[in-house]
Amino acid sequence: MEKKSNPIALIPIGVFLVLYLGLGILFEYVLKIPMGFYNIPIVVIFLIALLVACFQNKSLSFDEKLALMGKGVGDKNIVTMILIFLTAGMFVGVVGRSSASSVAYFMLSIIPAQYSAVVLFIVSCFVSIAMGTSVGTITLVTPIAVAVAQTSGFSVPLCVGSVMSGAMFGDNLSFISDTTIAACNGQGCAMKDKFKENFFIALPAAILTVIVILIISLGYDITGTIKNSYNLIQIIPYVLVLVCGIIGINVFVVLIIGIVSGAVIMLSTGAMQAVDMLSNMGAGATGMFETTMVAILVSAICALITEYGGFEALLNGIKKVFKGKKGGQLGVGLLVGAMDIATANNTVAIVMANPIAKEMSDSFGISNKKTASILDTFSCVFQGIIPYGAQMLVAISAAGSLGVDVSAFEIMPFLLYPYLLLISCLAFIFIIPEKKDKAAETQVSN
C-alpha cells in the first residue's frame, strides 16, 4: 500500500520555526535581550505546534490522535533516549565539573607557553568528551583561555576560538552528549558504531586544527607561564566512561560505572559531602527536563505528521533535489543544519530531524550508524559557528565577566575545527570510497 503524501501536514513544523526563529530574532537583535534565543520557552512553542497538529485532519477523532501521540512517545528509542538523558544528568551531578580546570592547568604546567593555544584546544576536546557538553566545557575553560591570553600574549579571539573548537569536537563524539544520545536512539544504532563512524571523520579535522593553530601561534612572541593547582584523580570517572563506551559496554552500565566511581572518589577525597551529592544528582537529572520534554513533544508531533502524510511529502520533495546515496547523505546533513540554524540548538535540531532522516536513510539505503553520524556531525558544524548559538554567547559572556570584551565576529575566524569538520564530512561523503554496508543493503531491500 502506497503511503499518502500531504504537504499541508508539515504546517506544525513551520509554525514552530516561524515562532521560535521570529521571537529569537526579536529578542536578540531588536530588544537586545542577552542570549535572547535562550529566553524563549521552547517547550511552550512546541506545545503550540502540537496544538496546531491536533486541529489538523478532522477525519480522526481527538481520542485517535491521542492514541497516535501515545504510540509515538512510547516508542522504544524515545523511552531509551529519555532514560539516558536523565542518567547522564545524574552522572554530571555526581562528578561535578571541577576536573576540567585540573586537566587544563596540568597540561599548561608541563607544556611550553608557545603551545598554549593548542593545549586549550586539546584540553577542551578531552573535557567535552568526558562531560558530554560543549556549553559546560566553554563555561569552564574560557576563563582559563582568557588568563592564557593575558599572560602569554596570544589574542583572546584565538584562545576562545580554540576552546570553542575543542568543545564541539567532544560534543560530537562524547557517549553522554545530548546530541549523541538523540542521534543514536533516533536512528536505532549502537553508540560505539556511531562513534567509529564519527571518529574517522573528526580525527583528520582535529589534526588539521592542531596544525593550523600551531602555524598561527608562530606569529606571536610568547612569554609568561600558566600555573594553578589541580587534582587529577577526579578525572578517573570520565576516563572510565570514555573507555567503557568505546569498547561497547551498554550505555546504562557505562553511566552506572561512572556514577559509582565518581561517588567513591568525590566522597573519599572530601570534594563533596553525601547530602550535597544527592542534591547534585537530583539537580543534574532536573537539568535535563527541557531536553526530555522536547523529545516527548517532538515525538508526539511527528507521530501525527507521519499519520497525516507530511513526512512522505517532504521525502518526495527531497528525492527530487538529491539523487543517489551520496545525495541522500548530503540531504540529511543540510536538513539538520537548517533545523539548527532555525532553532540554535543542535540537540533540538537532531530530535526534529530524526524521523525525516530515518525515512531518508531507508529510502536512500544509508546505514543507521552513518545517518546518526551525519546528523550529529552537521548539527555540531552549524551550532559551532552560528553567532547566536549558546556556545558563542556563553563564550562571550564568560570573557566579559572577566572584563574582556570580544565579539562573535572576532572569534568566528578562529573556529577552525567546525570549518574543517565540514570539509572532512563532505570528503567522506563524496570523495573517500565507502565500505559496503550489509545492514544498509538490507534496509533498502526491505
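The model is predicted. In its largest nonpolar core, which has 143 residues, Phe46, Phe91 and Tyr417 touch the most other members. Helix 6 (residues 116–131) gives the most to this core, with 11 residues.

**Contacts of Phe46**
- Leaving aside residues up to four places away in sequence, Phe46 touches Phe16, Val294, Leu297, Val298, Ile301, Val348 and Met352.

**Second largest pocket**
- The second largest pocket has a volume of about 650 Å³, and of the 23 residues that line this pocket, Gly72, Asp75, Cys302, Thr306 and Pro355 are the closest to its centre.
- Two or more lining residues come from each of helix 3 (62–73), helix 4 (76–95), helix 9 (178–187), helix 14 (289–308) and helix 17 (346–364), and helix 14 gives the most, with seven residues.
- By residue class, the lining of the second largest pocket divides into 10 nonpolar, seven polar and six charged residues.

**Salt bridges**
- The count of salt bridges comes to three.
- Asp376 forms a salt bridge with Lys194, with the closest N and O atoms 2.4 Å apart; this pair links helix 18 (residues 368–385) to helix 10 (residues 191–217) across 182 residues, and both Asp376 and Lys194 are buried.
- Glu197 forms a salt bridge with Lys370, the closest N and O atoms being 3.2 Å apart; Glu197 lies in helix 10 and Lys370 in helix 18, 173 residues apart, and both Glu197 and Lys370 are buried.
- Lys192 and Asp193 meet through their side chains in a salt bridge (3.5 Å, N to O); Lys192 is partly exposed, with a relative accessible area of 28%, and Asp193 is partly exposed at 25% relative accessibility.

Conventions: Residues numbered from 1 in each chain as written. Predicted model: local features only at pLDDT ≥ 70, side-chain atom pairs only at ≥ 80, totals over all residues. Heavy atoms only, no water. 1 Å grid on protein atoms, 1.4 Å probe; cavity = no way out; pocket = protein on both sides within 12 Å on 5 of 7 lines; lining within 4 Å. Points joined across faces, edges and corners; volume = space filled by probe spheres on them. Helix = DSSP H or I, 4+ residues; strand = E, 2+ residues; numbered from the N terminus. Nonpolar A, V, L, I, M, F, W, Y, C, P; charged D, E, K, R; others polar. Core = buried A, V, L, I, M, F, W, Y, C linked by side-chain atoms within 4.5 Å. Buried < 20%, exposed > 50% of the residue type's maximum accessible area, 1.4 Å probe, protein only. Contact = heavy atoms within 4.5 Å. Salt bridge = Lys/Arg side-chain N within 4 Å of Asp/Glu carboxyl O.
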